[in-house]
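Here is a short report on a two-part question: how the chains meet, and how each one is built. Keep the sequence and the model open while reading.

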Amino acid sequence: MIQTQLAIIGGGPAGLCAAISAAESGSKVLLIERNDTLGGQLVKQTHMFFGSEKQYASTRGIDIAKILLDKLEEHKDNITIMKDTTVLGIYEDGVITAMRDEDKYMKIKPEALIVATGASEKFLAFPNNDLPGIYGAGAVQTLMNVHGVKPGNKVLMVGAGNIGLIVSYQLMQAGVKVEAIIDAAPKIGGYLVHASKIRRMGVPIYTSYTVKEAIGSDALEKAIIWKLDEAWKPIAGSEISFDVDVMCVSVGLTPLNELLVMSGCEMQYIPELSGIVPMRNENYQTTVPHIFTAGDSCGVEEASSAMVEGYLAGLCASDHIGNRHPMYEEKKADFINQLEGLRSGPEAAHIRSGVEKSLRR
Amino acid sequence: MRIKEHPILNFNRGKEIHFRFSGKTMIGYEGETVAAALHANGVKVLGESIEKHRPRGFYCAIGNCSSCLMEVDGVPNVKTCVTKLKEGMSVEIQKGKGELK
């Protein structure tokens, strides 16, 4: 049995910041990551971030990952990193079980735990949606930006939110043709600055359109879209056909909540946070007192807010086990203030509403 | 299918790795995943569905969705989107659910 003060599950932006913050508070940290690299999805994000200076605005995601890893290195005496390790279970007695390298099993007993498992891509229902060539937008980003492999020659992007717009731009940077972007909503969901860039490059954006069907024998050859009326019902005769070998599905993410569910903490379906999320207090402590959470696993937002939530959870989980940072109150107030800032615009109205619903005071 | 020039990224590929897929020898690079190497070699169909035998490719590429499961060196249900390529690996399309040995 491995004993540690604080275990953190997930080495993405939230988990990394939680580890840094907890180490700064004097906690001994065990950071568990299922992949062989840290940084989560930051490692494929070539675009510059929004937010403010404290969340590394105007810095590319790939460079933010490097900054965080350097900070982690500064605290290496207090942080043990366990990669290639998948957490399998969280038990009532506080023990967690994990598997390393596919064949070594272990038990870990932390005094406190932060679950920062992130999110997974949602899917869309339409005939032949299982054809190879139909990929999540994030998957295409990984293939292109991490492995340097093109997904195909011609792409239909489904979803005009920020991820759909950004990945479309990145596809063009990789030399892939984007035939069109479609979105079922009557207006573009992503930021105007991203949409304008795409339109200037000549890519049409069809709003109020959805996928009617995909066509192909072994892999995608053609995608047919059709228009939706004001009641979101498809209009016969409005079909448009695209000869594409790739369709990117960018219809949002949903929290990876399996571990939180099995930990026994109270969960609730909150559509504004994109799924079933843990109830938590302002310290990001769940209803199981030694379990904290941060990042997309407690509500899908941006990487910027995931980082701040990580810092806050690391600070508060450390305090919970008796490692109070000398500037605890100041730091906590600053993190809460940063989160309010990130959630302040009109685009974040749904996040504010969701966060309010997930709060247990 | 490999990106040669990119305005932001430099792809410093590792050393060449030879692996086998369905009887063919293919080339990938150290550090990349089995699914990425197959895709770079033009292979999009990674498996088939269990009941209706429909072709399957990857979907999430980060180890969440299980759409990329293949038989690697005789071991079934390997998530090829997060499994690193190794010299001499043998990769096959899996039929059925796979068995515990």
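## Where the chains meet

Chain B puts 27 residues in contact with 26 residues of chain A. Contact here means that two C-beta atoms, placed from the backbone, lie within 7 Å. This is a predicted model, in which local features need pLDDT of at least 70, side-chain atom pairs count only at pLDDT 80 or more, and totals for chains, interfaces and linings use all residues. Residues are numbered from 1 along each chain as its sequence is written, while chains are lettered from A and ligands numbered from 1 in the order in which they are written.

On the side of chain B that touches chain A, α1 and β4 (55-56) of chain B each supply at least two residues. The most come from α1(B), with 3 residues. Helices (H or I, at least four residues) and strands (E, at least two) are DSSP runs, numbered from the N terminus. By class, this side of chain B has 16 nonpolar, 6 polar and 5 charged residues. Nonpolar covers Ala, Val, Leu, Ile, Met, Phe, Trp, Tyr, Cys and Pro; charged covers Asp, Glu, Lys and Arg; the others, Gly among them, are polar.

## Nonpolar cores

The largest nonpolar core has 66 residues. Those with the most contacts inside it are Val155(A), Ile181(A), Met247(A), Cys248(A), Ala35(B) and Phe58(B). Helix α1 (residues 34-40) of chain B gives the most to this core, with 6 residues. A core is a set of buried Ala, Val, Leu, Ile, Met, Phe, Trp, Tyr and Cys residues joined through C-beta atoms within 7 Å. A residue is buried if 20 or more other C-beta atoms lie within 10 Å of its own, exposed if 12 or fewer, and partly exposed in between.

Take Cys248(A). Leaving aside neighbours within four places in sequence, Cys248(A) is in contact with Tyr135(A), Ala137(A), Val140(A), Val155(A), Met157(A), Val158(A) and Val167(A). Apart from this core lies another, of 64 residues, including Ala22(A), Leu38(A), Cys298(A) and Leu315(A).

## Domains of chain A

Chain A is divided into domain 1 (2-120 + 253-358) and domain 2 (123-249). These bounds come from an automatic or database domain assignment. The domain centres, taken over C-alpha atoms, are separated by 31 Å. Their contact takes 5 residues from domain 1 of chain A and 7 residues from domain 2 of chain A. The domain 1 side has 1 nonpolar, 3 polar and 1 charged residues.

## Strand pairs

Two strands pair if DSSP finds at least two bridges between them.

| Strands | Bridges | Sense |
|---|---|---|
| β1 (16-21) and β2 (24-29), chain B | 6 bridges | antiparallel |
| β1 and β7 (90-92), chain B | 2 bridges | parallel |
| β17 (267-270) and β18 (275-278), chain A | 4 bridges | antiparallel |
| β12 and β13 (222-227), chain A | 6 bridges | antiparallel |

In chain B, Phe19(B) stands opposite Met26(B) in β2(B), and Phe21(B) stands opposite Val91(B) in β7(B). The β1(B)-β2(B) hairpin has 2 residues between its strands, and Ser22(B) in the turn has a positive phi of about 45°.

In chain A, Tyr269(A) stands opposite Ile276(A) in β18(A). The β17(A)-β18(A) hairpin has 4 residues between its strands, and Ser274(A) in the turn has a positive phi of about 70°.

Chain A also holds an open sheet of 3 strands, ordered β12-β13-β14, with antiparallel pairing. Its edge strands are β12 (209-215) and β14 (240-242) of chain A. Within β13(A), Lys222(A) is the bridge partner of Ile215(A).
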